[in-house]
Amino acid sequence: MASTRRPTFKPGSDAQRAAPGSPATGRQDPGVISAERAVEPAVSAATGRAAPAPKTSPKGKAVRSSKRGGKAASPASGEMTDPGNVIAFPEPKRRRVRRHVLWTLLGVLAVVALVVGGAVFSPALAVRTITVDGTKLLTPDAVRTALAKVQGKPLPQVTEQEVGELLKPLVQVRSATIEARPPSELLVHVEERVPVALLKQGDSFVMVDVDGVQLGATQDQSAVALPLIDAGAGAGNTALFKSIAAVLNTLPADVLAKMSTASAASPDAVELKLVDGKTVVWGNAEDRELKAKALEALLKMPPDPKVAVSVYDVSVPRHPFTK
């Protein structure tokens with residue numbers, strides 16, 4: 001059966017209603033129901049005893065005491081925490097070694113950069129002497145004069161491209177390489193074009209290489225041991241000239257010196273004349289190396305007094321013959 005009792009309300013002062021259990025009265029308002037929750041103390045796993053309850057501040061916040069004087073801020077709440085509770089782990093050895101190696105390499109690279117930079121721009125390595133080798137058509141002084149711009153320039157800054165550009169006006173130079181000899185010498189290896197024939201121009205004879213480049217002139221044909229190309233073959237870039245020049249460029253130097261003239265009725269019919277009047281039937285420009293070896297072998301054969309030879313035919317190099 002339900003209770004018919006109703007709660008009664010006793011009026012009190014406003015202060016008593018506002019602050020239950022106020023110190024002013026020392027009594028709790030009977031019309032206000034209060035409740036408290038008991039928090040069980042945590043049990044320490046190490047000692048098996050209950051940990052002391054945290055102290056509360058006048059504002060109701062927990063205060064954590066520490067025997068150490070310094071405190072650190074908690075990342076979550078911004079309050080000060082005990083730095084003694086933070087464990088500092090030592091840096092791994094591998095990371096420490098890697099860092100030391102990295103700094104060492106950076107130091108070595110910096111030293112090398114300084115040394116290289118000093119060598120590149122140091123006046124102590126300036127070019128003072130230019131030594132030239134490989135010249136026959138030119139004189140070393142002509143090459144040194146053409147390279148006057150590199151005098152006083154540091155050796156590491158002198159390049160083969162620069163030297164090649166400076167030597168371009170000298171048509172006799174096909175290519176050039178350089179070698180630095182510290183502290184101040186630059187060695188220049190010159191590869192000259194090789195003259196293979198003479199061309200008649202007016203009263204003089206012009207030396208030309210396989211490309212038709214004119215390398216010099218002389219008034220006396222006998223002063224140069226080179227064959228004279230027949231004027232009918234043209235004086236430069238014709239097909240006949242290229243065929244004859246290719247043949248002459250293949251001959252060994254001692255065989256070339258025995259030639260008097262070279263001519264061609266067509267690119268497939270090249271003929272050479274020896275200084276003794278004998279004829280060499282060469283044919284076309286194919287198998288040039290093999291034909292040159294065959295002609296060299298025929299010229300080295302001892303002469304037979306009973307058989308006079310006036311023609312050396314190497315047009316079929318695997319079956320050369322004389323007649």
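Student: How do you know how much space lies in the largest pocket?

Tutor: In this predicted model, the space in the largest pocket comes to about 370 Å³. Rolling a probe the size of a water molecule over the atoms shows where empty space is left.

Student: What makes up the lining of the largest pocket?

Tutor: There are 18 lining residues, and Lys-136, Arg-193, Val-194, Pro-195 and Ala-253 are the ones nearest the centre. At least two residues each come from β7 (185-192), α5 (239-250) and α6 (253-256), with β7 giving the largest share, three residues. By type, the lining has twelve nonpolar, two polar and four charged residues.

Student: Why is Gln-172 called buried?

Tutor: Buried means under 20% relative accessible area. Gln-172 has 14% relative accessibility, so Gln-172 counts as buried. You will find Gln-172 in the loop between α4 (160-166) and β6 (173-181).

Student: Which residues is Gln-172 in contact with, leaving aside neighbours within four places in sequence?

Tutor: Those contacts are Leu-137, Leu-138, Glu-191, Glu-192, Arg-193 and Leu-215.

Student: Which residues touch the most other members of the largest nonpolar core?

Tutor: Among the 36 residues of that core, they are Leu-248, Leu-251, Met-259, Leu-272, Val-280, Trp-282 and Leu-295. Helix α5 contributes the largest share of this core, six residues. Another core, of 19 residues, lies apart from it and includes Val-127, Leu-138, Leu-147 and Leu-166.

Student: What does Leu-251 touch, not counting residues up to four places away in sequence?

Tutor: Leu-251 touches Leu-256, Met-259, Leu-272, Trp-282, Ala-292 and Leu-295. In soluble globular proteins, nonpolar side chains tend to be buried together.

Methods. Residues are numbered from 1 along each chain as its sequence is written. This is a predicted model: local features need pLDDT of at least 70, side-chain atom pairs count only at pLDDT 80 or more; totals for chains, interfaces and linings use all residues. Side-chain values use heavy atoms; hydrogens and water are left out. On a 1 Å grid over the protein atoms alone, a cavity is a set of points where a 1.4 Å probe fits but cannot get out, and a pocket is an open set with protein on both sides within 12 Å along at least five of seven lines; lining residues have an atom within 4 Å of a point. Grid points are joined across faces, edges and corners, and a volume is the space filled by probe spheres set on the points. Helices (H or I, at least four residues) and strands (E, at least two) are DSSP runs, numbered from the N terminus. Ala, Val, Leu, Ile, Met, Phe, Trp, Tyr, Cys and Pro count as nonpolar, Asp, Glu, Lys and Arg as charged, and the others, Gly among them, as polar. A nonpolar core is a set of buried Ala, Val, Leu, Ile, Met, Phe, Trp, Tyr and Cys residues joined through side-chain atoms within 4.5 Å. Buried means under 20% relative accessible area, exposed over 50%, partly exposed in between (1.4 Å probe, protein chains only). Contact means heavy atoms within 4.5 Å.
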